[in-house]
Amino acid sequence: MININLLSVSNLPKLNKLRKLELSDNRISGGLEVLAERTPNLTHLNLSGNKIKDINTLEPLKKLPNLHSLDLFNCEVTMLINYRESVFTLLPQLTYLDGFDADDQEAPDSDPEADGDGLEDEYENGEARENCNAYLPLLLVEGEEEDDDEEEDDLDEEVIDDEEDEDDDLEGEEEEDGVDDEEEDEEEDGEDDEEDEADDDLPRGEKRKRNLEDEGEEDPEDEEDDEDD
């Protein structure tokens, strides 16, 4: 269970056959008594890259009699004075701390017990691993759900912004259409006014004749001229 943002192991299930547990690069700062209760046969425990600051935080691990390899690399506790001596004193069952024994001898690359060799029932060991994987979703912190909620909120805000932009564009187009219609109306009114002014400038007889022509009638004077002819 490496780098999955775990804050604690309080939801870890009962795994009597589990021998090796990888919890590195999480945010665990305490609550290790759960390991003694639910994984009593641990031999290897990796807590490197977590938030462990004090030696006393490791005290519950005294109840793991088979624990002989512990890794706390990149934890703040490793910066304490006499860190290694203090841990070996607190946990006498340990053989290796951060990959080295008390005499600074490096641990071998492979360990038969850690690899599962020597177990009475290999099927049970595989079953323990499957059970641990099945419970993995229960161990995840709520922080991931909060991150998802924030992303959904951001997406909702983006959708709202897009909708507002579309509404603004539509309003802008409607305003432009309204302005264009007003300009066309004003141009038509201007043309009518110009025609009326032109009519006012004509002599009275010409104006009357033009009005009659617009109405489709002939001028009576023109009719009299036709009769004389």
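**Sheet, loops and confidence in a predicted model**

Q: How many bridges join β3 to β4?
A: Strand β3 (residues 69-71) is joined to β4 by 2 bridges, and the two run parallel. Leu-70 has Leu-97 in β4 as its bridge partner.

Q: Turning to the loops, where is Ser-24 found, and is Ser-24 buried or exposed?
A: Ser-24 lies in the loop between β1 and α1 (33-38). Ser-24 is buried, because its relative accessible area is 6%; buried means under 20%, exposed over 50%, and partly exposed in between (1.4 Å probe, protein chains only).

Q: What is Ser-24 in contact with, leaving aside neighbours within four places in sequence?
A: Its contacts (heavy atoms within 4.5 Å) are Met-1, Ile-2, Asn-3, Asn-46, Ser-48 and Asn-50.

Q: And Met-79, buried or exposed?
A: Met-79, in the loop between β3 and α2 (83-90), counts as exposed at 70% relative accessibility.

Q: What is the mean pLDDT of the protein?
A: The mean pLDDT (the predictor's confidence in each residue, from 0 to 100) is 74, and 48% of residues reach 70 or more. Over residues 116-124 the pLDDT is below 50. Where pLDDT is low, the predicted coordinates should not be read in detail.

Q: Which conventions apply?
A: Residues are numbered from 1 along each chain as its sequence is written, and side-chain values use heavy atoms, leaving out hydrogens and water. Local features need pLDDT of at least 70 and side-chain atom pairs count only at pLDDT 80 or more, whereas totals for chains, interfaces and linings use all residues.

Technical notes:
Pairing = 2+ DSSP bridges. Helix = DSSP H or I, 4+ residues; strand = E, 2+ residues; numbered from the N terminus.
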